[in-house]
Amino acid sequence: MKFKRSFIICICSVIIILLSVLFSLLFLTLNGKKPEKDTKRLILGFSQIGSESAWRTRNTQSIFEAAESNGIQILFDDAQQKQENQLKAIRSFIVYQVDVIAFVPIVEDGWDNVLREAKNAGIPVIVVDRQINADKSLYSGFLGENSVEEGRKAAKFLVEKCTGEVSPINILEISGTENSSIAKGRAKGFRKIIGMDSKFKIIHTENGDFLRSRGKEIAENLIQKSRDAGNFKNDGLYFNGKKIDVIFSHNDSMTLGLLDSFSNYGIDALDTIIISFDAEQKSIDALIEGKLNCVVECNPNLGEMLMQLVKELAADKSIPQITYIDETVFTEYDDFSKYEPRGY
């Protein structure tokens with residue numbers, strides 16, 4: 001009799017436990033929660049080229065913020081402006097077996113081998129911000145700016161600004177990192193438009209590597225050459241005795257470095273048309289102050305778009321081969337009371 005009573009009690013206990021588990025699962029389901037085994041976070045391996053500017057810093061922040069809001073974990077690597085560091089980082093992501101790899105390529109070439117390794121490992125890759133010369137079957141897609149169109153926008157402003165001018169217009173080009181797609185694209189787009197009018201002449205191009213220090217150095221070298229030749233004037237920059245009418249600078253960091261040198265040497269550049277790219281807050285401030293004439297935005301806030309692409313790829317879906325981000329052109333004619341602070 002005691003055995004029977006114990007058996008009944010045991011059975012009742014088991015039933016109570018099972019009912020408790022079922023009610024718990026029902027409660028979790030009704031409250032939108034999933035069992036722990038389904039809450040695995042996606043892992044994104046992301047290699048950034050560095051932190052050479054406020055733009056680049058904001059670009060990185062945007063990606064981290066979007067990853068956090070989308071529940072995606074990031075394995076991050078700062079390449080410190082060296083391609084070999086990026087190659088090592090991507091290979092480490094492959095060994096770690098991340099879900100998706102994204103990277104900002106420093107230069108266009110030299111990626112095929114590591115991309116083939118990622119593809120063989122079954123890990124999709126997204127190229128961010130700068131484009132590459134590689135077999136398109138080796139990576140899933142590109143997300144970033146249309147650098148050729150950016151150059152075209154800058155040139156269109158210049159052409160409109162100089163409507164009615166008949167004399168030659170001498171242009172100094174301060175270009176970005178050599179062999180980077182963004183420098184090539186901006187140069188190509190700019191030349192495409194100004195090439196339609198022979199009065200526009202690029203009389204000198206120099207590589208500024210997208211660095212503020214290089215922008216300052218380039219300007220100071222030109223100033224020093226003018227002083228050595230005994231024909232220094234404070235109304236702008238000169239190259240081989242020719243007045244530079246337009247400065248076409250591939251990014252804000254180099255442009256701000258240029259303005260640093262102007263300030264140091266007391267140069268008044270009111271008669272010089274200065275065009276820049278990125279639209280950092282400091283360059284917009286300089287535009288408002290009349291020190292710049294046009295700034296073409298290169299939007300750093302692509303984090304949310306990147307995370308959506310990451311989730312598509314992680315779900316074994318395809319993404320567009322190219323995804324461009326929206327960008328604005330700011331000019332001296334704008335009403336800046338309409339614009340919010342840039343945030344970078």
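## Salt bridges, sheets and helices in a predicted model

E65 is partly exposed, with 45% relative accessible area; on this scale buried means under 20%, exposed over 50% and partly exposed in between, using a 1.4 Å probe and protein chains only. This is a predicted model, in which local features need pLDDT of at least 70 and side-chain atom pairs count only at pLDDT 80 or more, while totals for chains, interfaces and linings use all residues. Residues are numbered from 1 along each chain as its sequence is written, and side-chain values use heavy atoms, with hydrogens and water left out.

### Salt bridges

Let us stay with E65, which forms a salt bridge with R58. A salt bridge here is a side-chain nitrogen of Lys or Arg within 4 Å of a carboxyl oxygen of Asp or Glu. R58 itself is buried, at 15% relative accessible area. The structure holds 17 salt bridges, and the table shows some of them.

| Pair | Distance between the closest N and O atoms |
|---|---|
| R58 and E65 | 3.1 Å |
| E117 and R91 | 2.9 Å |
| R130 and D129 | 4.0 Å |

E117 and R91 form a salt bridge. E117 sits in helix α4 (residues 112-120) and R91 in helix α3 (residues 83-96), so this pair ties together parts that are 26 residues apart in sequence. Helices (H or I, at least four residues) and strands (E, at least two) are DSSP runs, numbered from the N terminus. E117 is partly exposed at 32% relative accessibility, and R91 is partly exposed at 33%.

R130 and D129 are both buried. These two residues also belong to a network of salt bridges that links E52, R56, D129 and R130.

### The six-stranded sheet

Six strands make an open, parallel sheet in the order β2-β1-β3-β4-β5-β13. The edges are β2 (73-78) and β13 (322-324), each pairing on one side only. From one strand to the next, the twist averages 20 degrees; angles run from 0 to 180 degrees between N-to-C directions, and axes are lines fitted to C-alpha atoms, for helices over the stretch in contact. Two strands count as paired if DSSP finds at least two bridges between them. Strands β1 (residues 43-48) and β3 (residues 100-103) run parallel and are joined by four bridges. G45 has I101 in β3 as its bridge partner. Helix α10 (residues 303-314) packs on this sheet and touches β1, β3, β4 (125-129), β5 (141-144) and β13, its direction making about 170 degrees with that of β4. Contact means heavy atoms within 4.5 Å.

### Around strand β10

Strand β10 (residues 246-249) is covered on both faces: V246 and F248 on one side, and I247 and S249 on the other, are all buried. β10 pairs in the parallel sense with strand β6 (residues 169-175) over four bridges, and V246 is the bridge partner of I171. Three bridges also join β10 to the parallel strand β11 (residues 273-278), where I273 is the bridge partner of V246.

### Two packed helices

Helix α5 (residues 147-161) and helix α6 (residues 181-194) pack at an angle of about 35 degrees, with axes 6 Å apart. Among the residues that meet are S147, V148 and E150 in α5 and S181, I182 and G185 in α6.
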